[in-house]
Amino acid sequence: MTGWAELTEDVEVVTFDVFDTLLHRKVRAPVDVFELVRLKAFESDFALQHQAFLDGYAAARRDAERAARRAREARSGDTEIRLDEIFAQMRDDHDLPDALVRFLKATELSLEDTLLFASPEGLERYTAARTAGRKLGFLSDMYLPSEWILGKLERAGFQGATELPLFVSGEHRVTKRSGQLYRLAAAAQDWPLSPAWLHVGDNRRADVEMADGLGLRTEFATWADVANTAQPEESTFGGNAVAAIAGFAECRPSRIFQPEGTLEQIGYRSFGPLLFGFTLWLAWQSRRLSLGKLLFIARDGRLPFRLFEMIRSSAGCDAVEAEYFYMSRQVGYLTGMREWDSEQTRRITIGRRPKSARRSFGAVGLDAVDHLEELARFGIEDIDRPVAPSESWRVAKALDAVHMEVLQKNASARADLQTYYQQALGDAKRVGFVDIGWVGNIQRLFANSLTEPGDRDRLIGLYLGMLPGAAFNEARGLQMEGFMTSGPERDRVQAALHAGGLQLLEFAMTADHGTTVGLERDSDGRIVAVLETPSREEVEYAGKAMRVQQGITRFVEEHLYLLDHFSPETLARQCWGEPLLRLVEHPTPEEARALAGLTHSDALGSNSERLPLVVPLTGWRRHLPSQRRQACTASYWKGGFDALCPAG
Amino acid sequence: MTDPGPARIGIVLPDAATPVLVRRALESIASQSFRDWHLVIVETANASGSLAEALPDPTDPRITLLPSEENEVAAAAINRGLAALETELAIIHAERDSWAPDFLHVMARTFDRMNAALPGLKGVVSGVASVEESVTGNHVRIDSVRDWRPPGLRDDLRNGVFDIRRSIAANPFPAIAFLFDRQAAVDVGLYDTTLPVLAEWDFHQRFCLENDVWVHTERLAFHRCATDRTDPSESAAFRALLTNRWIRREGATGLGTLQVLQALAAQGTPESSAGGMDSDVALPSQKKSRGPVGDALSRFNRLRKRWV
C-alpha cells in the first residue's frame with residue numbers, strides 16, 4: 001500500500017468502487033457467474049421443461065441485460081437498470097414462468113454471494129481509511145440491489161459497511177461513467193468535489209478519468225485484472241462452468257489462495273483442477289454404482305485417498321468406507337499370475353532402460369540362476385547383462401519356456417497370501433478399486449489373488465485415466481472406468497498421456513513412502529506389506545511431489561464450497577483436466593524448467609533406475625535436427641522439451 | 001465311514017500313449033488347487049502297459065486306468081472314459097495339454113455362478129495359450145507360447161456367452177479348455193465315433209447348439225503341439241464331411257438357403273466382403289482390379305524394387 005498515507009493525508013472522504021476493487025469473484029470473468037447459474041439450473045426440474053432455453057442460458061442472460069438497457073434507454077433516456085428489470089426482460093423475451101425466473105434470480109444472487117470475496121488490497125485500504133476516521137462511502141455502476149451489496153461487504157469483512165452510504169447506478173439511474181453519480185453522492189452527502197475526496201476504483205474511465213475531471217483525487221485499483229469477456233459456446237456440458245472456475249487460478253486476485261513456490265503453484269493451477277474433478281467423480285461413482293468401499297491403491301492412490309477424505313462428507317459419501325491399500329505391480333506378480341499371456345509377460349522384460357534377465361525372472365518370482373539352460377537356448381548367456389529392448393524377446397521366450405513353474409509358484413504364494421487381498425476386499429458388495437490407471441494390470445493381479453474367482457466382479461476399477469492397452473483386461477471381464485479418458489476428448493487425452501502426461505501425473509501423485517516390495521507375516525501372524533527404503537534420489541523426487549501435492553490439496557480445499565451448491569454428479573466433468581493438458585502440451589518455460597529435471601522409473605519394483613523427463617540438449621547440439629530428434633524421442637515429456645529447446 | 005459320493009469333476013485322459021506326456025498331464029491335474037476330481041485314463045494300444053509307471057500313486061482311488069481296446073478310435077476312447085464317470089461335470093485332458101494350477105477351481109466356480117444365472121448354461125470354456133514344443137524321447141522342450149486362436153478367426157474369445165456362430169468356421173476351442181455338464185454331453189450323443197477326424201469340433205458344435213456355454217477368457221489352459229508339426233491336411237480333407245452332414249440334416253430347406261447364400265456371395269458387394277458376422281470370420285481378401293495401366297505400373301514397380 002505504498003503511498004496510501006500521502007494519498008489520504010488531506011482527504012476528508014474516501015469512496016470505493018465495489019466490484020473488482022473491494023470484492024473479487026472466484027471466476028475467470030464476472031459473466032461466468034451465468035455459466036454456473038446454468039449448471040445449477042440443470043440440477044432442477046425446470047430443466048425438464050425448459051431445456052432448450054437453459055442450454056443457452058448464459059447468452060440469454062447477457063442478452064436480457066442488454067435488452068433491458070435498450071428498453072430503459074427508449075423509455076427514459078438512460079441505460080441504468082436493476083436486477084429485477086433484467087429478469088423481467090428475460091421473462092418477457094422467452095415467455096418464462098415466474099417460478100423459473102425467481103429460481104434463476106435467487107440462484108444468481110446465491111452464487112454471487114458465494115463467489116465474491118474481499119480483495120486484500122481493497123480491504124487494507126478500507127480499514128486504513130476507517131481507522132483514520134475518514135468519511136467513507138461506496139459508488140458502483142451495478143444492477144444489484146444496494147442493500148444486498150452492503151450486506152455482502154459486511155459479510156466479506158468490511159466492518160461497518162452496512163452503516164455507510166452506497167450509491168448504485170441501477171437505483172439512481174445515473175452512473176460514475178457519466179460523472180453524475182459522483183455529483184449525486186456529493187449533493188446527498190455534502191461531500192466536496194475536490195481533492196479532499198479520494199475515490200478508489202478499477203475502471204480507468206469511470207473511476208479515474210471521470211473523477212479526476214470532477215476534481216477528485218483518485219487511485220486506480222491495479223489489483224483487479226478483470227477482462228469481462230464471455231466464453232464461446234461450450235463443446236461439452238459444464239465445460240464453460242469448469243473453465244470459469246479453473247480459469248480463475250490464472251487471474252491475479254487468485255494469488256491470495258495460491259501457495260508460495262513454483263512447484264506448489266503448478267500443483268494448484270494445473271494438477272489441482274484435475275484431481276478435484278477426479279475426487280468428485282469418485283464420489284459420484286460411489287453413489288451411482290452403490291459402492292460400499294473404495295480401495296485406494298498404493299502409491300498413486302495416496303493423494304486421492306486424502307482428497308476423498310476431505311470431500312467425503314460434503315459429497316454425501318459418509319457411508320462409503322475408504323481404505324489405503326499397500327500393493328504394487330511387483331507384489332501383484334507374485335500372487336496374481338493365474339493365467340499365462342505371453343504378450344503381458346513380454347512387458348515385464350521391456351522398458352526404456354534395458355533390463356537384465358535376472359531382474360525379469362525375479363519379477364515373476366524366479367531365480368534366473370536356476371534357468372540358465374533355457375536362457376542360453378535363447379541367446380542369453382550373462383544373466384546380469386542388461387538386455388536391449390530389441391533383444392528382450394529372448395528373455396520373454398525363456399520365461400515362456402518356464403511358464404508352468406511361474407504359475408505353480410504363484411499358486412503356492414497365492415494360497416499363502418490371499419487373505420491379505422481378501423481382507424482388503426472386505427464384505428462390501430461392490431468395491432471401487434482406485435488407482436492412477438492406465439491399463440488395469442494391478443486390478444487384474446489383485447482380482448487373480450482372491451480366493452473366489454467371482455469376486456473379480458465385485459471390483460470396479462476407477463482410474464484417473466485409461467489407455468487403449470486396457471482392452472486386454474476389459475476382454476477378461478474386468479470392469480474399469482477412466483475419468484480423464486471417458487469424455488469426448490479421449491484421443492487428445494491419451495495422446496497427452498503418451499507425450500509425458502503419464503509421467504507427470506505419476507510424479508504428482510506419488511506417495512512419500514517407498515514402493516511395496518513384498519508381503520510378510522508379522523509376529524502376530526498377520527500379513528503386512530514390506531516397503532522399499534527409498535534411495536536419496538527417490539526421497540528428493542517424493543519431496544518435490546509433496547510440494548506439488550500441497551498446491552493440489554490447497555486447490556481442493558479452496559473449492560469445497562462448490563459442493564454447497566452443486567452435486568458431485570454435476571461437477572464431475574472431464575474438463576477439469578484442461579489445465580493439465582495445457583501443461584503437458586504447452587508448458588511455459590518456467591514450468592518446463594521446474595519439472596524437466598524430474599526423473600521417472602518404469603522398471604518393475606525398482607525406483608532407483610530413473611530417466612529424466614526431458615533429455616537436456618545444450619550447446620551446438622540444440623541446432624542439429626538429428627540431435628534434436630533423438631533427444632525429443634528420448635524425452636518422456638515432449639512439450640517440456642519443446643519449451644526448453646525451442647526449434648530454430 | 002460314509003461314501004463321499006462321486007467327485008464333482010470327471011477328467012478323461014484319452015489316447016494315453018507317451019509316458020513323459022502322461023506324467024506331465026498328471027502333474028497338471030495333481031497340481032490343481034481344486035481337489036474334488038476323478039480321473040479316467042484311457043490307454044491306447046500303443047501304450048503297451050508302460051503307463052502305469054507314469055502314475056505317481058497307482059493306488060490313488062481318484063484315478064481309474066482303462067485298458068486299451070483293439071481298433072478303438074480316439075472319439076470312442078473319450079466316450080468310454082466319459083461313460084466310466086459319475087461326476088456332474090466333465091472335461092477331456094489330452095495327454096499333451098495342461099492347465100494352470102487354478103484352472104478347475106476357476107472354471108467350476110464360474111460354472112456355478114453362471115449356471116445359477118442362466119440355467120440353460122451347461123459349459124464353461126477358458127482362454128487358451130498355444131504351446132509349441134519338441135518332444136525327444138523323455139525330454140520335452142518348450143519353444144514358444146502364444147495366444148491360441150481357431151483357424152479362420154481373427155479375434156479372441158470375449159468374456160460372456162459363447163456365440164454359436166464362432167463354431168461354424170472351425171473348432172472354436174480345444175477340449176482342454178472346455179468344462180461341461182456330463183449329462184448334457186450324454187444328451188447330445190457324446191463324441192461321434194463315425195467321424196475319422198474333427199469329432200471334437202463336431203461335439204462342440206452339437207453341444208453349443210443345444211446348450212449355452214460361458215466364456216471365461218483367462219488363459220488358464222495350454223493346448224500343446226509339436227513345433228515340427230505339419231499342416232493338418234487330414235482335417236481339410238474331411239472338412240466337407242461335416243458340411244455335407246449339416247446340409248443333409250436340413251434337407252431341401254438347407255439346399256435352398258445354400259443357393260441363396262452362394263448367389264449373394266457371387267455378387268461380391270463390398271458390404272458382404274466386410275464380414276457379416278461382426279468381421280469375426282476372416283474372409284479371403286479380394287484383389288482390386290487395377291486395369292491395364294495399373295497392372296503395367298505394378299509390374300514396373302516390382303521390377304524396380306527387385307533391381308534396387
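Which helices of chain A do the buried residues of helix 13 of chain A pack against? They pack against helix 2 (32-41), helix 5 (57-76), helix 14 (262-288) and helix 27 (578-585) of chain A.

This is a predicted model, in which local features need pLDDT of at least 70, side-chain atom pairs count only at pLDDT 80 or more, and totals for chains, interfaces and linings use all residues. Residues are numbered from 1 along each chain as its sequence is written, while chains are lettered from A and ligands numbered from 1 in the order in which they are written.

**Helices of chain A**

Helices (H or I, at least four residues) and strands (E, at least two) are DSSP runs, numbered from the N terminus. Helix 13 of chain A covers residues 239-248, and ten of its ten residues are buried. A residue is buried if 20 or more other C-beta atoms lie within 10 Å of its own, exposed if 12 or fewer, and partly exposed in between, with C-beta atoms placed from the backbone. Among the buried residues of helix 13 are A:Gly239, A:Val242, A:Ile245 and A:Phe248.

Helix 5 of chain A also packs with helix 6 (residues 83-94) of chain A, at an angle of about 105° and with the axes 8 Å apart. Axes are lines fitted to C-alpha atoms, for helices over the stretch in contact, and angles run from 0 to 180 degrees between N-to-C directions. Helix 5 and helix 6 of chain A are therefore roughly perpendicular to each other, a term for angles of 65 to 115 degrees. The residues that meet include A:Ala60, A:Arg61 and A:Ala64 in helix 5 of chain A, and A:Glu85, A:Ile86 and A:Gln89 in helix 6 of chain A. By class, this contact of helix 5 with helix 6 of chain A has seven nonpolar, two polar and four charged residues. Ala, Val, Leu, Ile, Met, Phe, Trp, Tyr, Cys and Pro count as nonpolar, Asp, Glu, Lys and Arg as charged, and the others, Gly among them, as polar.

**The sheet of chain A**

Five strands of chain A form an open sheet in the order 5-4-1-6-7, with parallel pairing. Strand 5 (166-168) and strand 7 (217-220) of chain A stand at the edges with a single partner strand each, so one side of each has no neighbour in the sheet. From one strand to the next, the twist averages 20°. Strand 6 (residues 197-201) and strand 7 of chain A pair in the parallel sense over four bridges; two strands pair if DSSP finds at least two bridges between them. A:Gly201 stands opposite A:Phe220 in strand 7 of chain A. Helix 9 (residues 146-155) of chain A lies across strand 4 (135-140) and strand 5 of chain A, at about 130° to strand 5.

| Partner of strand 6 of chain B | Sense | Bridges |
|---|---|---|
| Strand 10 of chain B | parallel | twelve bridges |
| Strand 9 (residues 178-181) of chain B | antiparallel | three bridges |
| Strand 7 of chain B | antiparallel | eight bridges |

The bridge partner of B:Gly127 is B:Arg219 in strand 10 of chain B, and B:Gly123 stands opposite B:Phe180 in strand 9 of chain B.

Between the chains, 23 residues of chain B are in contact with 20 residues of chain A, where contact requires C-beta atoms, placed from the backbone, within 7 Å. Helix 3 (103-117), strand 6 (121-136), strand 7 (139-147) and strand 10 (212-226) of chain B each supply at least two residues of the side that touches chain A.

Definitions and conventions
Two residues are in contact if their C-beta atoms, placed from the backbone, lie within 7 Å. Angles under 35 degrees count as roughly parallel, over 145 as roughly antiparallel, 65 to 115 as roughly perpendicular and the rest as oblique.
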